[in-house]
Amino acid sequence: MYNPIHHKYRPQTFADLVGQDAIAQTLTNAITTNRIAPAYLFAGPRGTGKTSSARILAKSLNCISSHQPTPAPCGECDVCQGIANGSTLDVIEIDAASNSGVENIRELIEKAQFAPVQCRYKVYGIDECHSLSGSAAQALLKTLEEPPHNVVFVLCTTEPQKLPNTIISRCQRHNFRRIAIEPMVQHLRAIAKSENIDITDKAVWVIAQLAQGGLRDAETLLDQLSLLSGQITQEQVWDLVGAVPEQELMELLDAIAAKEPQSILNLTRAILDRGKEPMVILQNLIEFYTHLLIAKTSPQNHELAQVTQLTWESLVKKANLWDTPEILEGQQHLRACSVQVKSASQPRLWLEVALLGLLSKTAPMAAQTHPPAPSSASQPNNLWKAVVAMQPPAIKALLTQHGTLAAFDGTNACIQMRSAPLQQRVAGDVAALEAAFGKVTSHKVKVTVTS
Ligand SMILES: [Zn+2]
């Protein structure tokens, strides 16, 4: 039967535990010096090794290949095997999230009073213990108040703040951190090697980065990718998770920094055409702004930004082109636009509007090109071109691509946009448009925008 990677490579000893060195060291010391607490609280995000550590602790306490608790359980003896496959009566694993409210849990906890049958220690591993029902939590508290000999509780939770203080205060607490990229990469490389998975180093980095500190997520991703044929590349990783590759976000950022509306639109369309959702592009770009901000303000701290080494170096270099308020404002603007992109019937369009809107934040409002001579401007087509040319880059791009001068009688100009959202976007700039018409025609012109 197929054994998923995250099962197969589950750590067997604390020394195998990935990225939680301090916890591994503390628990190893506790076992070697035989100072075992009656209750442990393992708190931290999902996939960071809490449940695995609970199992390792159970084996370490009970492995019968050793005459006393050992930090290096054999993994082979009846007890180690029994713990691994869940058949040992003395090691009880409870998933409070799926069994919440079941009377059984309370009874199980109450049975902690009975001595272990087969093992040195009875070990209760309670997963997502913040979800225990009221009566089960009461039974647990009562047991912890006077812990029976040779019973160890290991409470695991992703949400320690939901646990009553009366329980927390009776536990030795260990905070499991998100696993850093470097140890995660090393671990994934080792798995790929022993499983003969052909994967590029960049792709490994991308997996580690996407997992955001959760080892199980990283392993599951690698597992899924290993089903593809041929060498696994970073593009395949990005595709599998539906995210925009860093390289493309970087190009987009370059175009924004250079204030090139046409490049922004071209790049965005290319990403959209490759099947990425507008909302995903926007969210990924918002995250990328965060990375840029870290690169700008804290270039020594790569570990704060979940991007690959290459992208990080590039971001640090390019951060010089930006000032901090500009990054913050840009990100705020994109966040504000995400509501529209999410709910609009034309999310692609709104994404483009949002991105071009970044330019109008920083672009000077004054005309950027000189209007052509009045003689040629008297032709409606040339007049329109001249007016458009005088707009800031974002509006200029919108008008060029999606707008026409539908009517002009010398004092009234009607601009037609391709859609209602675009109409609304341009309607906010009527004053600038009227000023431009005024300059080109030397008359006062009233502008209306329709769609
Ligand atoms: Zn053993």
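**Chat: a zinc site and an aromatic pair**

Q: What's the relative accessible area of cysteine 74?
A: It's 30%, so cysteine 74 counts as partly exposed. Under 20% is buried, over 50% is exposed and partly exposed is in between, using a 1.4 Å probe and protein chains only.

Q: What kind of model is this?
A: It's a predicted model, where local features need pLDDT of at least 70, side-chain atom pairs count only at pLDDT 80 or more, and totals for chains, interfaces and linings use all residues. Residues are numbered from 1 along each chain as its sequence is written, and side-chain values use heavy atoms, leaving out hydrogens and water.

Q: Okay, which residues hold the zinc ion's protein donors?
A: Cys63, Cys74, Cys77 and Cys80, each through its SG, 2.3 Å from the zinc ion. Donors are N, O and S atoms within 2.8 Å of the metal (3.2 Å for Na, K and Ca); water isn't among the atoms, so sites may look incomplete.

Q: And is cysteine 80 buried or exposed?
A: Buried, at 0% relative accessible area.

Q: What's the geometry of the zinc site?
A: Tetrahedral, with angles of 101 to 119 degrees among the four donor atoms. Four donors get that label if all angles lie between 85 and 135 degrees.

Q: New topic: how many aromatic pairs turn up?
A: Four, across the whole structure. Tyrosine 124 and phenylalanine 153 form a stacked one, 4.8 Å centre to centre with 20 degrees between the planes. Rings of Phe, Tyr and Trp (its six-membered ring) pair if their centres lie within 6.5 Å, and planes under 30 degrees apart count as stacked.

Q: Are those two buried or exposed?
A: Tyrosine 124 is buried at 1%, and phenylalanine 153 is buried at 2%.

How values were computed: Tetrahedral: all angles 85-135°; square planar, octahedral: opposite > 155°, others 65-115°. Phe/Tyr/Trp six-rings, centres within 6.5 Å; stacked < 30°, edge-to-face > 60°.
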